[in-house]
Amino acid sequence: MNAPVREITSSRRAFIVSAVGAGGALLVGCSPAEMLSLGAPKLDFGAFGPFIRIDPDGSVTVVNKHIEFGQGSHAGLAAIVAEEMDADWDKVKIVQAPANAKVYGNLQTGGVQGTGGSSAIANSWDQLRLAGAAARAMFVQAAAARLAAPAAELSVKDSVVSHAKSGRQATFAELLTSAGKITPPQSSTPKSPADFTLIGTDRVRRKDAVAKSTGTARFTQDVHLPNMLTAMVAHPTKFGAKPKSFDDTAARKVPGVVDVFQIPSGVAVVANDTWSAKQGREALKVEWDEAEAETRGSDVLLDLYRRAAASADDTPGIKWQPWDTRPAPTPPATGPVVAASYDFPFLAHAPMEPMNCVAEIGGGKLKLTFGSQVPTIDQLNTALIVGALPAQVEVEQLFAGGSFGRRANFKSDYVSECVHIAKHVGGGRPVKLVWTREDDMTGGYYRPLAHHRLEVQLAADGLPHHWFHRVVTQSIMKGSPVPSKGLDESAIEGTKDSPYLVATPYVTGEAALIDLAVPVLWWRSVGATHNAFVMEHTVDQLDRKSTRLNSSHLSVSRMPSSA
Amino acid sequence: MATTLNINGKDVVVVAAPDTPLLWVLRDDLLMTGTKYGCGIAQCGACTVHLNGQAMRSCQAPIGSLAGVKITTIEGLGGAHPVQAAWIKRDVPQCGYCQSGQIMSAVALLAKTPKPSDDDIDQAMSGNICRCGAYQRIRAAIKDAAGVVTA
């Protein structure tokens with residue numbers, strides 16, 4: 001069942017790599033990697049490189065290039081370094097890396113700094129093991145001199161280097177000065193997994209449990225900076241609508257409201273605090289231009305999807321694209337047909353922390369402070385708005401209260417919104433954009449609406465003989481920097497290449513992708529959230545049907561696996 | 001307008017309209033950001049605090065109604081509270097955004113029901129949503145803490 005997972009990873013990767021290319025097109029003659037580094041501030045890493053810092057007390061701090069939004073990257077990445085260094089795990093700390101694609105890029109996504117596709121541990125594995133092993137070698141070499149013992153006779157445990165023969169030992173703290181002067185080894189050898197003492201044990205615990213159990217963990221929503229303004233945006237009530245005119249008379253009378261102005265995505269209300277911004281927005285009157293808006297509701301759209309899927313003839317405007325074609329059976333099989341159809345609603349990601357961002361633009365400042373899932377993309381989109389080089393955009397990474405894909409958006413929608421507002425405010429004055437829960441639920445970028453229609457003809461043995469399967473949904477990748485050339489794979493991942501279809505002789509798989517003005521985005525396992533559900537549920541239904549129709553019992557265990 | 005609030009045992013004078021929800025006074029005026037904003041309409045529980053010992057949603061408590069009320073926030077638990085210790089021991093938080101509210105609801109439950117059954121826990125905690133789905137660990141940590149609290 002690994003194939004769909006690989007599909008997800010590869011489509012996200014393709015998107016990110018090309019997104020950099022799209023932004024990089026602004027800078028003629030630059031490769032994406034060069035483009036991303038132009039104007040980047042020089043980072044001073046210290047003796048142990050960009051991923052490891054060691055304090056005078058010998059405690060090890062690991063620099064996490066990925067976001068921590070619940071998945072546990074803090075613990076996982078810290079453990080890799082601690083394992084290789086044989087550092088005292090209890091004293092290992094972890095901090096977030098700044099945005100710097102050249103140093104902190106994701107090695108599975110073409111060097112774009114970002115978190116997705118379950119890649120944080122996998123792409124960091126060799127990188128952090130080598131960094132940890134190199135740091136350990138530096139301490140061992142320093143200890144060899146200090147303890148007057150051959151390096152080969154030294155062992156390391158809990159940040160202490162020991163020489164068993166002489167009984168002498170030295171701590172990382174004692175060795176720090178001399179170890180820091182040693183040239184890092186050109187190549188270092190990570191441990192054999194058989195020698196792991198930390199990874200794979202239950203000693204690996206969350207590094208953020210204390211902060212998150214005491215209310216001290218810092219999320220974007222918690223940022224308060226001197227002179228900071230808080231903004232809310234009145235968004236159109238229909239997707240695709242634009243502000244036509246607005247009356248801010250009452251909004252400006254709300255105590256605490258500082259300014260009201262239009263931005264591309266709506267009308268911004270800027271205030272001294274969150275409650276004033278909310279009151280101000282409620283007092284604002286906006287007239288929307290709905291000429292290009294999606295005015296149909298979910299029920300109407302679903303009806304369109306159902307009719308298209310059920311129609312024998314092509315419905316006008318509906319283009320069927322094959323995702324699996326194995327010629328229809330001749331002569332037609334005569335077994336019973338099981339029909340099923342499924343509806344899947346638009347789904348909001350609904351993380352506990354609604355979308356938000358803090359931006360400081362102007363007066364020599366160009367900084368974002370927030371939970372950024374793909375800092376490189378957010379740098380690119382910010383740079384496009386303010387007219388800067390992407391690497392000049394500083395990003396201070398914070399915890400995010402969930403994401404489920406929502407904070408990885410090729411349009412950086414809420415980030416761009418915050419940047420537009422902060423640019424208008426100007427002078428580098430900090431602006432915190434706050435989306436309310438209602439903004440978050442109605443703000444789009446949903447898992448797309450989908451309808452599936454299946455007709456499965458069973459053979460005499462009760463197994464599927466001909467699998468007819470139509471998927472009607474919306475392309476996630478269309479409108480991205482990498483629109484799919486053929487069929488958007490994210491629409492049918494989990495159905496196409498399903499192990500259940502491997503041994504089915506005849507498969508007619510078609511998909512119709514409908515253009516809507518409703519913004520859609522990847523949501524957790526992306527297409528598999530509806531496609532894999534349909535496969536599992538349909539096989540279960542066939543199993544029951546087959547039991548009733550035929551003495552031959554179709555069981556899941558009889559279905560060939562992909563392995 | 002100046003209002004005196006008793007927060008974590010101390011009287012604090014705040015200047016805000018009486019209809020301002022306690023949530024925003026805590027977060028924006030007093031910079032006590034442990035109490036979280038998740039929905040603003042009492043549907044998620046992230047903003048849970050104690051009002052005279054009762055778990056309440058601070059987004060629905062206008063400060064004008066809180067004269068003489070003892071307010072306790074996550075900061076007021078001190079960090080070494082048995083429920084917090086149980087949370088840390090079990091690695092309960094994932095993204096962590098809901099956990100201040102979860103902990104405040106759990107503390108209020110145990111104050112009233114020192115040895116809660118699963119049903120008691122479900123009932124007391126049903127207003128606190130965790131999008132990461134940490135419910136199993138939340139229940140286990142409450143049971144851990146129950147052993148400590150009643151000692």
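Me: Is the crossing of helix 11 of chain A and helix 12 of chain A left-handed or right-handed?
Reply: The crossing is right-handed, meaning that the near helix is turned clockwise from the far one by less than a right angle. This is a predicted model, where local features need pLDDT of at least 70, side-chain atom pairs count only at pLDDT 80 or more, and totals for chains, interfaces and linings use all residues. Residues are numbered from 1 along each chain as written, chains are lettered from A and ligands numbered from 1 in written order, and side-chain values use heavy atoms without hydrogens or water.
Me: Which residues of helix 11 meet helix 12 in chain A?
Reply: Asp378(A), Asn381(A), Thr382(A), Ile385(A) and Val386(A) do, and their partners in helix 12 include Val419(A) and His420(A); contact means heavy atoms within 4.5 Å.
Me: Switching topic, how many cavities of 30 Å³ or more are there?
Reply: Five. A cavity is a set of points on a 1 Å grid over the protein atoms alone where a 1.4 Å probe fits but cannot get out, and lining residues have an atom within 4 Å of a point.
Me: What volume does the largest cavity have?
Reply: About 60 Å³, counted as the space filled by probe spheres set on the points. Its lining includes Leu36(A), Lys102(A) and Gln379(A).

Notes
Helices (H or I, at least four residues) and strands (E, at least two) are DSSP runs, numbered from the N terminus. On a 1 Å grid over the protein atoms alone, a cavity is a set of points where a 1.4 Å probe fits but cannot get out, and a pocket is an open set with protein on both sides within 12 Å along at least five of seven lines; lining residues have an atom within 4 Å of a point.
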